[in-house]
Amino acid sequence: MSRFAAAWDDFWFRAVEPTQLALCRITYGVMLIWLMWTQDFNDSLLPLPDLPDAFRLPVGAFKYLPVVDPHTLHVLGIALVVAIIASTVGFMTRISTVAVFALLFYRHAMRASFGKLTHYEAIPVIITGIRMLAEAGEV
């Protein structure tokens, strides 16, 4: 194996202590919670489901997802916060991370379908999707 390949393999696949992963998980979870509060997430979405269909421009997979009422949207926001906290502390990591991904995806698709599209909001969805597919909780 070449020196470059050995260095590459060592960088990406060397067994290390889980402390770094835990620190990244906690930092990412705190960042998501912070984004939820600073973006005023639920309040900015509440009037959207009540708009007439003429204002709705479904995008991608959201063409097949239902538009929920404002109360259900608020409950989904609470479920998202609970799932983020569970994923951050490592409680049922695989299930909670999948739930975070699904709820973040729904939130992003909901906003994009009504023209509230900002590309930086896709970054947490993509990162959570990567975390969802990565190893989690294996010993």
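Student: Which helix supplies the largest share of the lining of the largest pocket?
Tutor: Helix 2 does, with five residues. Before going on, note that this is a predicted model, where local features need pLDDT of at least 70, side-chain atom pairs count only at pLDDT 80 or more, and totals for chains, interfaces and linings use all residues. Residues are numbered from 1 along each chain as its sequence is written, and side-chain values use heavy atoms, leaving out hydrogens and water.

Student: What makes the space a pocket, and what makes another one a cavity?
Tutor: On a 1 Å grid over the protein atoms alone, a pocket is an open set of points with protein on both sides within 12 Å along at least five of seven lines, while in a cavity a 1.4 Å probe fits but cannot get out; lining residues have an atom within 4 Å of a point. The largest pocket holds about 860 Å³. Its lining runs to 22 residues, and Trp12, Val16, Leu21, Ala134 and Glu135 lie nearest the centre. At least two lining residues each come from helix 1 (3-13), helix 2, helix 5 (93-113) and helix 6.

Student: How many cavities are there of 30 Å³ or more?
Tutor: Two, by this rule.

Student: What makes helix 2 roughly antiparallel to helix 4?
Tutor: Helix 2 and helix 4 pack at about 160°, with axes 8 Å apart. That makes the pair roughly antiparallel, because angles over 145 degrees get that name.

Student: Which residues of helix 2 and helix 4 make the contact?
Tutor: Helix 2 brings Arg25, Ile26, Gly29, Leu32, Ile33 and Met36, and helix 4 brings Gly77, Leu80, Val81, Ile84, Ile85, Ser87 and Thr88, where contact means heavy atoms within 4.5 Å. By class that is eight nonpolar, four polar and one charged.

Student: At what angle do helix 2 and helix 6 pack?
Tutor: Helix 2 (residues 19-38) and helix 6 (residues 122-133) sit at about 145°, with axes 12 Å apart. Helix 2 passes helix 6 in a left-handed crossing. Arg25, Tyr28, Leu32 and Leu35 of helix 2 meet Pro124, Ile127, Thr128 and Arg131 of helix 6. Those residues divide into five nonpolar, one polar and two charged.

Notes. Axes are lines fitted to C-alpha atoms, for helices over the stretch in contact, and angles run from 0 to 180 degrees between N-to-C directions. Helices (H or I, at least four residues) and strands (E, at least two) are DSSP runs, numbered from the N terminus. A crossing is left-handed if the near helix is turned anticlockwise from the far one by less than a right angle, and right-handed if clockwise. Ala, Val, Leu, Ile, Met, Phe, Trp, Tyr, Cys and Pro count as nonpolar, Asp, Glu, Lys and Arg as charged, and the others, Gly among them, as polar. Grid points are joined across faces, edges and corners, and a volume is the space filled by probe spheres set on the points. Angles under 35 degrees count as roughly parallel, over 145 as roughly antiparallel, 65 to 115 as roughly perpendicular and the rest as oblique.
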